[in-house]
Amino acid sequence: MGRKKTTSSSPESHRSPDLFLAGKLDLSCFIDSLPHGVLLLDSEHRVLDFNRFLEAMTGYNRQDAKGVRGEYIIRGNFGAITDPVGRVLESDESLVLEGDCINQNRKKIPIRFVISPLKDRSARTFGTVLVLEDISLLRDLDDKVHGLYRHDKIIGHSPRIKEILELLPIAARTDSSALITGETGTGKDLVAESIHNASKRARHPFIKVNCGAIPESLLESELFGHVRGAFTGADRDKPGMFRLAHGGTIFLTEIGDLSLPLQVKLLTVLDDKEFFPVGGSKKIKVDARIIAATHRDLGEFVRLGKFREDLYYRLNVLRIHLPALREREDDFRLLLDYFLREISTGLNKKIRGFSAASLELLSAYRYPGNIRELRNIVEYAVNVCPDETIQPEHLPKSLLAVPETPPPFIPDSGDRPTPTERDAAGDRPQESHPPLMTGPAGWGEVERAMILEALTKTGGSRTRAAELLGWSRSKLWRKIKNHGLE
Amino acid sequence: MNILIPIQRNEVAPRFDLSSEIVIAEIRRGDKSISDPRILLLPRTSGDELCSLIVKENVSCVVCGGIEEAHFEYLLWKKVTVYDGVIGPYGEALEWVLDNRLRSGQILPGASLRK
């Protein structure tokens, strides 16, 4: 949404043809023949006339609406532009905006507004003409062709996901570095791509580099490129991921696995927006936004000396922490049903749902692999299930085993003592974090802990605790009773 | 009964979800009076939050401009009478509600300045 372009207008170009001036053309008949909403306003933004299309769209009769301010008729949202009609009158230039309006069926429809000055024969502006084009079909097509541009792929309505969804447009508007943290399988890649797609860089490349998957010896060349002859086998120049991401976004996942020398080079790129390719003597300038992600606790890595503090603070401008699936109880069924529908449709199977017993098993499982693991489980079950309902026997056997408790990811716990003999760079994702919570922590226990924390924070006020948890008071009361916290 | 109107200056706001100012008044049909009109500024524009406020304030009638179906249905479900698509000064809208004359899609006489 927002201002798209302006077109200058010369007085000559707006001269009305003689046909209009001689009064031979019925203006109402003319605007009625147009396939878009047309609204004519005077210099005080009041309705002079509008066409039948707009009558149908708004539900207002044009005779009744004459003299009413136009904004009340079209009920539009012009995004960040306030008073676009006034702006056109002031600048004498046309304005094209995308926004929405609410039609008489109470439906919000995306609209392209073209607002132009209305001039008389002496080129004096006496009002404006607004053309409202319904672009719903264009938007749908755009989504089909280019994928979903907004944040539609991020599913959830739990309070923590809502917070993240509120943060994403802010992250998309800025060019600052962003750091996305969270356990494996929580959707860090999806969030990074979503930020890119919603940003002004969306038309440029989104380049993803997994810093943990590429051997250290090759990573520098992968990221920054090399010149011919830089090392054995470098028989041609290679641009590197940073140059490929020029104008767009480079997404560095598993940034915690980046070696210290490369961290220095990355810091230089962040500061100077330029770097030397491997073996090169000429600096290369790049304009790429950096989004980094990690499942590791970078704050702790800094304390251990495994991650540069200056780079950490440079990346940590915008911080988005994704909750583990077990902390998103409200979203579990939503995600389960979503994956079931998506996978069943893809495999052309007519599976209606899960039996009570299988749901119980699925709910009791802890999902150390988070949403990715949940999706895989559903995919397995849909493949195995021959009937319409998924039974426990259709679920992977691993669900029946008692799982190990992965310690929760708690970013930047500055008050924690520094672990001593810990292999923080170990392969297993969670082993670098000290176990902060002991014993099995299924949803029930996580929920219990959440309730207690909320009640402690609010000094025992159930109303405020419910607000904090994003629940109704009755839901909190029921949960308190279930957990025996009365 | 409590009545709430999202407003813009002295008029019923054109959009329910984009309104940052509301007026809440009490209408007494018995003695045909309107009392205690309060104007509140909202911290941000949000149709969802406005719906929550309506329920919290025990409002039983809402007069507004354009409103999305989801918000409209929610309010009906909460037994709130909604007159939407109303154009005109909010004071006049209150009078019309009091006289039981207001209808959805009404353009009130005070809305237009006919020349």
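This is a predicted model: local features need pLDDT of at least 70, side-chain atom pairs count only at pLDDT 80 or more; totals for chains, interfaces and linings use all residues.
Local features are given only at pLDDT of at least 70 and side-chain atom pairs count only at pLDDT 80 or more, whereas totals for chains, interfaces and linings use all residues. Residues are numbered from 1 along each chain as its sequence is written, and chains are lettered from A and ligands numbered from 1 in the order in which they are written.

Chain A contains 20 helices and 16 strands (DSSP runs of H or I with at least four residues, and of E with at least two, numbered from the N terminus). Of its 486 residues, 30% are buried (20 or more other C-beta atoms within 10 Å of the residue's own; exposed means 12 or fewer, partly exposed in between; C-beta atoms are placed from the backbone).

Strand 7 (residues 125–134) of chain A holds Val129(A). Strand 7 runs antiparallel to strand 2 (residues 37–42), with six bridges, and antiparallel to strand 6 (residues 108–119), with nine bridges; strands pair if DSSP finds at least two bridges between them. Leu39(A) is bridged to Leu130(A), and Val114(A) to Val131(A). Strands 6 and 7 form a hairpin with five residues between them, and Ala123(A) in the turn has a positive phi of about 65°.

Val129(A) is partly exposed because 19 other C-beta atoms lie within 10 Å. Beyond four places in sequence, Val129(A) is in contact with Val38(A), Leu40(A), Ser116(A) and Leu118(A) (C-beta atoms, placed from the backbone, within 7 Å).

Between the chains, the contact takes 17 residues from chain B and 17 residues from chain A.

Notes:
Two residues are in contact if their C-beta atoms, placed from the backbone, lie within 7 Å.
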